[in-house]
Amino acid sequence: GVETARAMGIPSISVPHFFANRITDRDSFNASVEALRFLCDMAADSGILIHTENVLSNPELERLWNEVDRENLRLLFDSQNYAAMAGTDAVEIFQKWQGDCGSYLHIKDGITPALGDQPLWKGNSNFERIFNVIRNSGFTGDLILESNYADEATLLQDMKQVSQCMS
């Protein structure tokens, strides 16, 4: 984990909180707080950021941030996970937490409950609204396309459209 990132000069580590690792109750929340504190503390002296990718609501995220209380904690925002996995509004999450996002975001679209099974702007995750908020926020980091691309042409089309929209 942290030692490998340090040795390789990797600037961040992502910690997914999904499926068996999803934060669902007080015990899993407390375990996540302790794990994130531990990782943040291990990584701090090397300047490594720890990204939590989860589908917590704004109040739950605020509680997580307050309890972890580390400068190198970041949110790994994903454009579809909130709607598909928690039924929450990704725009509200991004607007509140954009200053705590790292230098990259995940973007994908799909027909809920599937994740990333559609090209961007073709699913039902309200991607256009989310993307416009990201674009208008002044975000200058990397956008990682996470859709499951069945063919190279669709991937290239999404890359081109995202690039044009961000310019």
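This is a predicted model: local features need pLDDT of at least 70, side-chain atom pairs count only at pLDDT 80 or more; totals for chains, interfaces and linings use all residues.

Student: How many aromatic pairs are there, and by what rule are they counted?

Tutor: A pair of aromatic rings is described by the distance of the centres and the angle of the planes. Rings of Phe, Tyr and Trp (its six-membered ring) pair if their centres lie within 6.5 Å; planes under 30 degrees apart are stacked, over 60 edge-to-face, and the rest tilted. By this rule, there are 7 aromatic pairs. One aromatic cluster is formed by Phe77, Tyr82 and Phe94.

Student: Which residue lies over the face of Phe29?

Tutor: A charge sits over a ring if NZ of Lys or CZ of Arg is within 6 Å of the ring centre and within 35 degrees of the ring normal. Here Arg63 lies over the face of Phe29, 3.9 Å from the ring centre.

Student: How many salt bridges does a search of the whole structure find?

Tutor: Side chains of opposite charge can pair when their charged atoms come close. The criterion is a side-chain nitrogen of Lys or Arg within 4 Å of a carboxyl oxygen of Asp or Glu. The search of the whole structure finds 8 salt bridges. One of them joins Glu67 and Arg63 at 3.0 Å, N to O; both residues lie in helix H3, 4 residues apart, about one turn of the helix. Helices (H or I, at least four residues) and strands (E, at least two) are DSSP runs, numbered from the N terminus.

Student: Where do the partners Arg70 and Asp41 lie?

Tutor: Their side chains meet in a salt bridge of 2.6 Å, N to O. This pair links distant parts of the chain, 29 residues apart: Arg70 is in the loop between helix H3 (58–68) and strand S3 (73–75), and Asp41 is in helix H2.

Student: Which residues are linked in a network of salt bridges?

Tutor: Asp78, Lys108 and Glu146 are linked in such a network.

Terms used: Residues are numbered from 1 along each chain as its sequence is written. Side-chain values use heavy atoms; hydrogens and water are left out.
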